[in-house]
Amino acid sequence: MKRREFLKFIGAGGVAAAAGFIFGRTGKPPGAKLMPVLIPDDNITLGLANYYSSLCTQCGAGCGIQVRVMDGRVKKIEGNPGHPVSKGKLCALGQAGVQSLYNPDRIKTPLKRRGERGTGDYVEISWDEALAAVAVNLTELEKQKKADKLFFLTSPQRGQLAHLMRGFMSAIGSTNIHEYELFQHRNLQYANKVSMGIDGLPYYDIANTRYLLSFGADFSSTWASPVNMSYGYGQMRQGSKGHRGKLVQIEPRMSLTGANADEWVPARPGSEPILALAIAHAIIEKGWYKGADASAWRSVLGRYSPKDVQDLTDVQAERVYSIAKEISSNKPSMAIGGDGLASYDNGVSGHVAVNILNHLIGANGAIGGVLPNDHDSGKTDFKRGIASLNQAALSGSVNALIVHNANPVFTTPTTAKTGEALRKIPFIVSLTSIMDETSVYADIILPIHTGLEDWGDDSPSPGVGFPVRTMMQPVVAPVYDTKSAGDILLSVAKSLGGKSDSSLKAPSFAQYVKDAWRDRYAKDRAMASSALTFEEFWNNLLKKGGWWTDQEPKRRGINVSAQAVVAHLPQGQAKFDGKDTDYPLYLVLYQQHGIRDGRGANLPWLQELPDPTTTVVWGSWVDINPLAASRLGIKEGDLVTVESPYGKVTLPAYLYPAIRPDTVAIPIGQGHSAYGRFARSRGVNPIEILPFKEDARSGALALNATRVRLVKGGKGNMVKIEGSTKELGRGIIQTVSSKG
């Protein structure tokens, strides 16, 4: 507010008017009027903060949050202290949920495509017109008896929204629901199912383990449930009975978790499954496993001798035996495999190898080990990956598509032809809050609430080893003219009429969620005994932030059969496209701490957040070992073209000693062509230069699947905090002239 403007308001109406103006300018969204603050809503007491318990929807971990609201505006988000997953903690992505709510690039009203697909040329329309257009197109499919050509693509969903989506599609007559997310843990879930009989993700009891062996699991930063796992790691490191837990990290490029480990083992990219089985072989060979099936495992693991595979893994046999001895003698111990392990074309084999290792050290089903959750935390249809949807679209088998919070155009390689597949679909509806690379292909865009404006519930994954169900409730009124995704589906179902079952006739999604909990309350004795009436139970549920009891993880019997896993063992190192003579370096991709798979790139807090290992902000870079850089004459900050058999990207070099000399690494998440002003045209998207390799068993995409070569360019512009005291053009320090 300018000094002259302030004096004008003082003169016009005195201090009270000026104070009201200030509250109006700072406490309301752009375009807010003066009157709503002078006469606040009945639920608002100016200057008094309210705290609401809810669910973080920034990623799929399912953390419980507490939201501080003042004057009708969200001021701060933190972890819910009583929630079993978050325990009062929250990551940077979760705290940036404030900027997701108030992002100036949110879609503010329904849109209808006016120009060519992919150009982003839209015109604003009313909700009535938008919903009518959707209903007309779906009704026409039903009339033509082509309901089976309606597809639904969504990010992984749990809770009542997932139930509603299934009911909606079933009522129309289609079962074509595809879930897609770049890091969906498909390889891990498939490996768990075929080797341990577990659906979904188990709970990794890091807090109670004494020795943790991690194969590419960056749980301190991005993998699975980083808030809960970081808390558990802190408990592990504090030690119990005088023993401080030890962490060994195996990965070709040191991650944040690797930087916090006691030992870092830079195995050759793609050889980690072989290394895990070499450790298992050493345990059997030395007699450290006493199980009755030892002879069966001796036969299965015979070809993975540490000496026989040391040239392949680039890890000496002596070190393998040392790790095997430590993980066998320090109980409880556990091995885990993360995105770094899953992102090869043999990712399933890698996770099966880790499960075998856990079987031999007694970690499966044990406290301080791998514990299955005894509730549904989300199951995956492995046959329905993004490739199957693209194939159906390209063959003309998709007449209409509803997309909900998924962006496969950005997160699949160019060779996947996702954009080309979308162009083949006659009618596309996008339910999103931000115009991204996928929504620009839609005919109708329906803007949806953020998690801070909506109702819902969730069973967190990977959970905590006992039942937890988290409630999501709106903490503020909708900022723009948006709707709940659940309300949109209910409205369309009502327009279609006919076969819609009674559950789809709820007046609102809020009531749909409440009715589901009413049924649960009536059937669950523990819930019913916690409150005399359902309304009392419901109010307690919202106040607490969900339903869980004071439980601890329990031992569960899990067996890995040698016979069952033989078909899933690795046959050698993962395959990388490109001849080593033409493309001498392995390319490894990884998630950046705040931006993750690209979902955080539209939030300036996360763009400004320095990468923990490089301190780079607002852009992309390529990690190069100083020895490799010296051979190529590359200095830090130089522009480097990274070229694969499928394309090339140019970005500045960061000299990173903690990466193998035969490997380069690029963080993903930047390089958006849409997704708002803070993300658009910033950095590069290295996924574009990958081959499209989807595991036929799990539907997982292989990110580490190609070799590359480097070509030195000119001087680049890389903004980093490390060793710099300058703003580098970012305008961090603001100055105000005394002249007004």
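How do the residues of the lining of the second largest cavity divide into nonpolar, polar and charged? They split into seven nonpolar, five polar and three charged. In that tally, Ala, Val, Leu, Ile, Met, Phe, Trp, Tyr, Cys and Pro count as nonpolar, Asp, Glu, Lys and Arg as charged, and the others, Gly among them, as polar.

## Before you look around

You're looking at a predicted model, where local features need pLDDT of at least 70 and side-chain atom pairs count only at pLDDT 80 or more, while totals for chains, interfaces and linings use all residues. Residues are numbered from 1 along each chain as its sequence is written, and side-chain values use heavy atoms, with hydrogens and water left out.

## Closed spaces

The structure has eight cavities of 30 Å³ or more. On a 1 Å grid over the protein atoms alone, a cavity is a set of points where a 1.4 Å probe fits but cannot get out, and lining residues have an atom within 4 Å of a point. Grid points are joined across faces, edges and corners, and the volume is the space filled by probe spheres set on the points.

The largest cavity comes to about 340 Å³. It is lined by 27 residues, and D218, E251, S255, Y590 and Q591 are the closest to its centre. Both α14 (339-342) and β20 supply at least two residues of this lining, with β20 giving the most, four residues. Helices here are DSSP runs of H or I with at least four residues, strands are runs of E with at least two, and numbering starts from the N terminus. By class, the lining of the largest cavity has ten nonpolar, eleven polar and six charged residues.

Back to the second largest cavity: its volume is about 170 Å³. Of its 15 lining residues, L182, F183, Q184, H185 and A700 sit closest to the centre. The elements giving two or more residues to that lining are α7 and α14.

## An open pocket

A pocket, by contrast, is an open set of points with protein on both sides within 12 Å along at least five of seven lines.

α8 gives the most, with six residues. Sorted by class, the pocket lining has 13 nonpolar, 13 polar and six charged residues.

## A six-stranded barrel

Now for β20 again. Six strands close into a barrel in the order β20-β24-β21-β23-β22-β25, with mixed pairing. From one strand to the next, the twist averages 40°. Two strands pair if DSSP finds at least two bridges between them.

Strand β20 (residues 585-591) and strand β24 (residues 663-668) run parallel and are joined by six bridges. For L587, the bridge partner in β24 is V664.

Helix α10 (residues 272-285) packs against helix α13 (residues 317-329) at an angle of about 65°, with the axes 9 Å apart. That makes α10 roughly perpendicular to α13. Axes are lines fitted to C-alpha atoms, for helices over the stretch in contact, and angles run from 0 to 180 degrees between N-to-C directions. Angles under 35 degrees count as roughly parallel, over 145 as roughly antiparallel, 65 to 115 as roughly perpendicular and the rest as oblique.

Helix α7 (residues 186-196) and helix α15 (residues 347-360) have axes that come within 8 Å and cross at roughly 50°, so α7 is oblique to α15.
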